[in-house]
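Q: Could we go through this structure together, one piece at a time?

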Amino acid sequence: MDHLIEVKNLKKYFQTPRGELHAVDNVTLDIERGKTIGIVGESGCGKSTLGKTLMRLHDATAGQILYNDVDIAAMPMKEFKKNYRSNIQMIFQDPYASLDPRMSVLQLVEEPIKVNNKKMSKADVTAKAKEMMELVGLATRLESSYPHELDGGRRQRIGIARALSLDPDFIVCDEPVSALDVSIQAQILNLLQDLQQERGLTYMFITHDMSVVKHISDDIAVMYLGQVIEKCPAHEIFTNTIHPYSQALLSAIPIPNVHVKKERMVLKGELTSPINPKKCCRFAERCPYATDQCRAEEPVLRELKPNHMAACHYAEQFVK
Ligand code: SF4
C-alpha cells in the first residue's frame, strides 16, 4: 500500500497539577495516499489532539510521524515550517472563530498565500486567491463581504479555500461540519469529496458523528481515552463491529424511521481518568463484558481479520 502518513507509537502527554494527562497514548496508524481516514470517538478522547500533533501545533511527547517516509515529529520547527507546513493543512470546526472578522473574504483567502510566498507579486496573490474562491464555490460578488455577513457553509468554504491555497496533499479536517445545519453539512462533505478526487488529497476526518464518517471515510479508527481501540475499512465498522465501545457508539446512531426500533447500548459507570492511567483496559469501568483480566491487563490492538484490528481481550467472541 502507498502510505502518505505513518504514525508510529505517537504519544502526547500534558503536565497538569494532578499528574500527566495522556491525551494521545501510543497511537499507530497508516493513512493511504488519496484516501480518507475517519477518526471517531466521544469528546475528550484525544482525536483533536492527535490531529493537532500531526500538524505540529503540539509537539509530540514520543513516537514518529512519517510523511513520505520522513519523520516530521522530531524535525526542528524551522525546518518543518520551511519544507512541510504548506503540505499539511487543517480545516477547523468553527469557521467563524478561525477567521479574522476585520478581513474581507478575498483578504482572508489571500492571507496564507502571502505569508507562505513572500516573493509572489500582489497581483499573483490576488489571482491565486480568486482561483481558490472559485474552486470552493465562493461567488466573486462575495470578495468584499465580511465573515459575519455570510452563513456557516460559506464561512467554512473560506476555511477550505485557505487550506487549499498552499496546495497541500494532506488535510486534517477537525469536525468541519459539526457546527453547520444538516442541509449545509451535505454540501460541504460533497465539496470535500470532489476536491479529493480532483486533487488527489489525503484526509484525516475527525468527528464524533458516525453518520458523517460513514459518508466520507475509506478507513475508520475509533479512539477511546487517547488510544485507538478499533481500526478497519469503513464498511466493516458498520457490518462487523468488534470492540464493545464501538458497538455502543454505533447503537447511538438514530434511524430516521419511526417504525424501526433499535436497541441502544447505554453505557453505565464512570469514565476512567486519562491522568496517570493504570495499565488496564480503559473501557473496563463502562464495559458490560469486563472481567478481572480487563481490570488488570491492558489489551493490545491486534489484527482479528484482514485489515481489521481491535484492542479487546475477548475480541474473538465479537467477530462475525
Ligand atoms: Fe470490555 Fe474487557 Fe474488551 Fe475492555 S478488554 S473492551 S473491558 S471485554
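Q: Where is glycine 34 placed?
A: In this predicted model, glycine 34 lies in the loop between β2 (19–32) and β3 (36–40).

Q: Is glycine 34 buried, exposed or partly exposed, and why?
A: Glycine 34 is partly exposed, because its relative accessible area is 28%, and partly exposed covers values between under 20% (buried) and over 50% (exposed).

Q: Which residues does glycine 34 touch, leaving out those up to four places away in sequence?
A: They are Gln196, Gly200, Leu201 and Thr202.

Q: What separates the C-alpha atoms of glycine 34 and glycine 159?
A: A distance of 20 Å separates these two atoms, and the two residues are 125 residues apart along the chain.

Q: Turning to the strands, how many bridges join β1 to β2?
A: There are 11 bridges between β1 (residues 3–16) and β2, and the two strands run antiparallel. Together β1 and β2 form a hairpin, with two residues between them.

Q: Which residue in β2 is the bridge partner of glutamine 15?
A: Glutamate 20 is the partner of glutamine 15.

Q: Now the helices: at what angle do α4 and α6 pack?
A: Helix α4 (residues 122–135) and helix α6 (residues 182–199) pack at about 120°, and their axes are 12 Å apart. The two helices are therefore oblique to each other.

Q: Which residues make that contact?
A: From α4 they are Glu131, Met132 and Leu135, and from α6 they are Leu191, Leu195, Glu198 and Arg199. Four of the contact residues are nonpolar, three are charged and none is polar.

How values were computed: Residues numbered from 1 in each chain as written. Predicted model: local features only at pLDDT ≥ 70, side-chain atom pairs only at ≥ 80, totals over all residues. Heavy atoms only, no water. Helix = DSSP H or I, 4+ residues; strand = E, 2+ residues; numbered from the N terminus. Buried < 20%, exposed > 50% of the residue type's maximum accessible area, 1.4 Å probe, protein only. Contact = heavy atoms within 4.5 Å. Pairing = 2+ DSSP bridges. Axes fitted to C-alpha atoms, helices over the stretch in contact; angles between N-to-C directions. Parallel < 35°, antiparallel > 145°, perpendicular 65-115°, else oblique. Nonpolar A, V, L, I, M, F, W, Y, C, P; charged D, E, K, R; others polar.
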